[in-house]
Amino acid sequence: MKFISYLARTVFFILVFMATLSACNGAPPPTITQKPIAMTEKQHPANPYYSRTDTTSLTLSDAVWKEVLTPAVYEVARHGSTEQAFSGKYWDAEARGTYFCAACGNKLFRSDAKFATTCGWPSFFETVRPNSVLYRKDSSFGMERTEVVCGRCKAHLGHVFDDGPPPTGKRFCMNSIVLDFEPDKPSSKGPQ
Ligand SMILES: [Zn+2]
C-alpha cells in the first residue's frame, strides 16, 4: 500500500514537472535576447553595455540609457539627480571590496579609500585610477561645485569637495544608487 502511494506521488510530480516544462517552452522569448547581452555580467542582464573589464569610452543616446538602466539609476546617472541623504545602501557600508559604476561597470573606488562621514552619502578620498572619473564645473543651485562623472560613460556620480581626510584632502561625495559594490573574496589580497 505504501509503495502504491509512493508510486502515485512520483507519477504526480513527474506530471507536474512536465507541465511546467511545456509551459516554459510555450512562453514567448524575452525581447531582450535580441541584444548583444554581456553574459558575464549577471546582475545587469538588461544592460548590454555594462562591463567590468571593457574601459572603452561609451557614448550612447539618452533614449538608449533610458532603456537599459533602471528608472532610479537613470534619474541620477543621466539627469544629475541626488538621492536623499542616509537613504542609499552604501553611505555607512564598511565591507572590503570594490565599487563600480552602476551604469557601465567602470571600476571607481576601493573600500580602502572610503571613510566614515555624517553627510549621509558614501564618501571616498581617492578613485581607483586617476581617469576612473572626470570632472565638470557645476554652478547649479547658486553654488560653485565640481561635479564627478564616470570616466567611461559620463554618468553623474556626485561631487568632490576639498574637506576630505589625508592623504588627498578630497571628499568624493557619491550617490549609492549609481554604485555597484563587489565584496572581496576571502582569499583576495587587496586591490588588483
Ligand atoms: Zn559609468
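Numbering starts from 1 along each chain as its sequence is written. Because the model is predicted, local features are given only where pLDDT is at least 70 and side-chain atom pairs count only at pLDDT 80 or more, while totals for chains, interfaces and linings use all residues.

The confidence values come first. The average pLDDT (the predictor's confidence in each residue, from 0 to 100) is 83 for the protein chain, and 74% of the residues score at least 70.

The protein chain holds 3 helices and 9 strands, taken as DSSP runs numbered from the N terminus (helices are H or I, at least four residues; strands are E, at least two). Read from the N terminus, the order is α-α-α-β-β-β-β-β-β-β-β-β. Of the contacts with a separation of 6 or more, 52% are between residues 24 or more positions apart. Buried residues amount to 32% of the 192 in the protein chain. Here a residue is buried if 20 or more other C-beta atoms lie within 10 Å of its own, exposed if 12 or fewer, and partly exposed in between, with C-beta atoms placed from the backbone.

Among the helices, α3 spans residues 71-79, with V73, Y74, V76 and A77 buried. In general, an α-helix has 3.6 residues a turn, so residues three or four places apart point the same way. The packing partners of the buried α3 residues are α2 (62-68) and β7. Directly after α3 comes G80, whose phi is positive, at about 70 degrees.

The loop from α3 to β1 contains Y90. This residue is buried because 21 other C-beta atoms lie within 10 Å. Leaving aside residues up to four places away in sequence, Y90 touches P122, S176, L179 and F181. A further pair is Y90 and W121, which are 31 residues apart in sequence, yet their C-alpha atoms are 7.4 Å apart in space.

Next comes an open sheet of 3 strands, in the order β2-β1-β9 and with antiparallel pairing; two strands count as paired if DSSP finds at least two bridges between them. The edges are taken by β2 (107-110) and β9 (179-183), and each has a single partner strand, so one side of each lacks a neighbour in the sheet. From one strand to the next, the twist averages 30 degrees, based on axes that are lines fitted to C-alpha atoms (for helices over the stretch in contact), with angles from 0 to 180 degrees between N-to-C directions.

Strand β1 (residues 97-101) is joined to β9 by 5 bridges in an antiparallel arrangement. Along this pairing, T98 stands opposite E182 and F100 has D180 as its bridge partner. On the β2 side, β1 pairs in the antiparallel sense over 3 bridges, and there the bridge partner of F100 is K107. The hairpin of β1 and β2 has 5 residues between its strands, and within it G105 takes a positive phi near 90 degrees. Since 4 of its 5 residues are buried, β1 is largely enclosed by the rest of the structure.

Most residues other than glycine have a negative phi, and most peptide bonds are trans. F141, in the loop between β5 (133-138) and β6 (145-150), is a residue other than glycine with a positive phi, near 55 degrees. Because F141 has 6 C-beta neighbours inside 10 Å, it counts as exposed. K154 is likewise not a glycine and has a positive phi of about 65 degrees; it belongs to the loop between β6 and β7. With 20 C-beta neighbours inside 10 Å, K154 counts as buried. Finally, the peptide bond from P166 to P167 is cis, with omega near 5 degrees, and P167 sits in the loop between β7 (156-161) and β8 (171-174).

Note on methods
Contact = placed C-beta atoms within 7 Å.
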